[in-house]
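Please keep the sequence and the model open while reading this note. The points below can be checked one at a time.

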4 protein chains.
Amino acid sequence: MTTITSHEMNFLIFRYLHESGFTHSAFVLGYEAGLYKSNIDGNSVPTGALISFVQKGLQYLEMEANLNDDGTEVDGDFSLLQPVD
Amino acid sequence: MTTITSHEMNFLIFRYLHESGFTHSAFVLGYEAGLYKSNIDGNSVPTGALISFVQKGLQYLEMEANLNDDGTEVDGDFSLLQPVD
Amino acid sequence: MTTITSHEMNFLIFRYLHESGFTHSAFVLGYEAGLYKSNIDGNSVPTGALISFVQKGLQYLEMEANLNDDGTEVDGDFSLLQPVD
Amino acid sequence: MTTITSHEMNFLIFRYLHESGFTHSAFVLGYEAGLYKSNIDGNSVPTGALISFVQKGLQYLEMEANLNDDGTEVDGDFSLLQPVD
């Protein structure tokens, strides 16, 4: 299974902050998380990557919440800001 | 479909930065993204939420990459740092 | 005697950081020192104010270090990075 | 005459920020001004150095403002936040 390392996670956030115009936060995170000495090729991270992943994750969780154990759909409540199992 | 707002996204990142001990980055993002005047209840965001969502998203994308159109599994290449469709 | 308040000191530094192109530091100090809700009129602080004050202070200290108690000049050693009385 | 370099100035500010509890600003300035790779011995800068220098500079400027050209004292107006000659 694909898992994400802390370093990759930090890099995704760094890119997100830059793309969102949060230049001060990006600058600080770059140093605090040691990204400037990283060997990740920034160009290999597509624009909007973090949002894409989170959005996909939400769809997946929502889908799971809407399925019974027997695979039938239910009218589940899914909320972003509730604890994830 | 559940979608995530920019504000929720920023808040998830803010929580992640705090949980990861990136206190300087969290402080700066809090002001730069206007989170301190936010009305999101911080306690409603579970620990590790951002990582959970991203991890789920990656599993989902990996699963998709490993399925043919006819639903049969293939030996797909899935890499985190490649462009997402 | 004119004394400087903490708030004025922070403001002088804030201006110096901006004038020196340290935009990230200035942004963070602005919030950390509560300067954005300050009522100091930024325009009343002349460009280069902090450097001027420090430079004057150094001259004064150097002059003092080069005077004997009887007012005669001596060949004093004065160094910026030594303790100030 | 003793003059202060930009690097020394930045270092004095860095120390002031730390001493004042502005840890976020100090962290950011440390990187933005390249102080972490500096060879200034931090221990050689006395506590409260920046404030001392500024305070001395102010006294000096005030004294100058209160002296006529012939050396007699006048009742001068001196204000911190006015342009310095």
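**Notes on the model**

1. Glu64(C) has a relative accessibility of 35% and counts as partly exposed; buried means under 20% relative accessible area, exposed over 50%, and partly exposed in between, with a 1.4 Å probe and protein chains only. Glu64(C) makes a salt bridge with Lys56(D), with the closest N and O atoms 3.2 Å apart. A salt bridge here is a side-chain nitrogen of Lys or Arg within 4 Å of a carboxyl oxygen of Asp or Glu. The pair joins two chains, because Glu64(C) lies in helix α3 of chain C and Lys56(D) in helix α3 (residues 49–65) of chain D. Helices (H or I, at least four residues) and strands (E, at least two) are DSSP runs, numbered from the N terminus.

2. On sources: this is a predicted model, in which local features need pLDDT of at least 70 and side-chain atom pairs count only at pLDDT 80 or more, while totals for chains, interfaces and linings use all residues. Residues are numbered from 1 along each chain as its sequence is written, chains are lettered from A and ligands numbered from 1 in the order in which they are written, and side-chain values use heavy atoms, with hydrogens and water left out.

3. Chains A and B have a salt bridge between Glu64(B) and Lys56(A), at 3.2 Å from N to O. Since Glu64(B) is in helix α3 (residues 49–65) of chain B and Lys56(A) in helix α3 (residues 49–65) of chain A, this pair also joins two chains. Glu64(B) is partly exposed at 36% relative accessibility, whereas Lys56(A) is buried at 18%.

4. Arg15(A) is buried at 19% relative accessibility; Glu19(A) is partly exposed at 37%. Over all chains, the structure holds 8 salt bridges.

5. How many residues of chain C are in contact with chain D? There are 45, and they touch 45 residues of chain D, where contact means heavy atoms within 4.5 Å. About 4,300 Å² is buried between the two chains, with carbon and sulfur atoms giving 71% of the area. Buried area is the accessible area (1.4 Å probe) that two parts lose on being put together, summed over both. The count of salt bridges between chain C and chain D is 2.

6. Helix α2(D) is largely enclosed by the rest of the structure, because 8 of its 10 residues are buried. Among them are His24(D), Phe27(D) and Leu29(D). The cover includes α2 of chain A, α2 of chain B, α1 and α2 of chain C, and α1 of chain D. His24(D) is buried at 13% relative accessibility. Leaving aside neighbours within four places in sequence, His24(D) contacts Thr23(B), His24(B), Phe27(B), Val28(C) and Glu32(C). Just after α2(D), Gly34(D) takes a positive phi of about 65°.
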